[in-house]
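Dear colleague,

Please find below the structure that I am handing over to you. My notes on it follow directly after.

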Amino acid sequence: MKAIVVRQFGEPEVMKVEEVDLPQLTDSQVLVKIEAAGVNPVDTYLRTGIHAHAPKLPYTPGKDGAGVVEAVGEGVTQFKPGDRVYTANTVTGTYAEYAICNKVDLGRLPDNVSCEKGACIWTPYATAYRALFQKAEAVFGETVLVHGASGGVGLAAVQWAKGSGLNVIGTASSPEGKKLVADNGADAVFDHTDEDHFEQIREFSGGKGVDIIIEMLANVNLERDFECLAMFGRITIVGNRGSLQFTPRLAMTKDATIYGMSLFNSPQSQRDEIHTAIFEGLSNGSLDPVVSRTFPLADAAQSHHDVIENKALGKIVLIP
């Protein structure tokens, strides 16, 4: 089968298409024919080798994908050949024609959702769910601000929040991005390149501020988030690309809580909860992944450039 193989850490160009052997199953594993693979920013961090969870070389990238079950191990009863599934992790990587997954790392893909959209599910939607509900404990009627809402995790957070009865404010920078966020349910969208957007958000909230902030770029925004955070507000840090000088009194003054999170750290019980919520949301239409661009497997390097260097408008998908 064809697969992307990384034999040394480095720039996107270290990813090469190779012909490799079809992976072999163990009793608790499932072989999935990958129809589409999702590209996430975390894939690019892992590729550099400096991530805390950097893989051992050589490896095939990709945790997110969707396709059809090809074969199952003798100990697998919840899936059978022909089932449509999405992956929440893999043993062998989704940037390939086939991938081996442990049975606990698969979710059922409803018939109303394409494999391309299925490849956009786990990392964005599980991250957003964990940030909103398992960390910030968002409840009906609260107001949430989603920074960088036009990206994969941002759009997922907007959809989760709107479907759960929250008031949703998003930020984006381009007209296309702002329209996309509004089309996905945000009650208001502000331009995060505008120096005054924190004050505009506070004014939009009637001066109270927002109850929850989903923070995608903490090194840029965290200090200023308190300008529009309500008393007793919560901030969940989802993304960060550097360091910052922070004044702890800002959190003290508003009796605020700052949560750090990584999807890698989620226990299986919480991952099972997320799978159940995802299936329900996809089935009833409250969750609808947005595919922005597709690339053939041979263009994996370009997909990694785009996911980091270009403005996010939904998800990037590889087609093996």
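Does Thr-236 count as buried or exposed? In this predicted model, Thr-236 counts as buried, with a relative accessibility of 0%. The residue belongs to strand 12, which covers residues 229-237. Neighbours within four places in sequence aside, Thr-236 makes contact with Ala-131, Lys-135 and Ala-136, with Ile-213, Ile-214 and Glu-215, and with Tyr-259 and Met-261.

Nonpolar cores

The largest nonpolar core comprises 43 residues, and those with the most contacts inside it are Trp-122, Leu-132, Val-144, Val-146, Trp-160, Ile-214 and Ile-278. Two or more residues of this core are given by each of the following elements: helix 3 (122-135), strand 8 (143-146), helix 4 (152-163), strand 9 (167-172), helix 5 (175-183), strand 11 (210-215) and helix 9 (268-284). Helix 3 supplies the largest share, eight residues. As for Leu-132, residues up to four places away in sequence are not counted here; beyond them, Leu-132 touches Glu-137, Ala-138, Val-144, Ala-157, Trp-160, Ala-161 and Ile-214. Another core, of 26 residues, lies apart from the largest one and includes Val-14, Val-32, Leu-46 and Val-85. As background, nonpolar side chains in soluble globular proteins tend to be buried together.

Cysteines

How many disulfides does a search of the whole structure find? The search returns zero disulfides. With 15% relative accessibility, Cys-115 counts as buried, the cut-off being under 20%.

Second largest pocket

The second largest pocket holds about 270 Å³ of space. Its lining consists of 15 residues, and Pro-55, Tyr-59, Thr-60, Lys-63 and Thr-90 are the ones nearest the centre of the pocket. Sorted by class, the lining of this pocket has six nonpolar, seven polar and two charged residues.

With kind regards

Definitions and conventions: Residues numbered from 1 in each chain as written. Predicted model: local features only at pLDDT ≥ 70, side-chain atom pairs only at ≥ 80, totals over all residues. Heavy atoms only, no water. Core = buried A, V, L, I, M, F, W, Y, C linked by side-chain atoms within 4.5 Å. Buried < 20%, exposed > 50% of the residue type's maximum accessible area, 1.4 Å probe, protein only. Helix = DSSP H or I, 4+ residues; strand = E, 2+ residues; numbered from the N terminus. Contact = heavy atoms within 4.5 Å. 1 Å grid on protein atoms, 1.4 Å probe; cavity = no way out; pocket = protein on both sides within 12 Å on 5 of 7 lines; lining within 4 Å. Points joined across faces, edges and corners; volume = space filled by probe spheres on them. Nonpolar A, V, L, I, M, F, W, Y, C, P; charged D, E, K, R; others polar. Disulfide = S-S within 2.5 Å.
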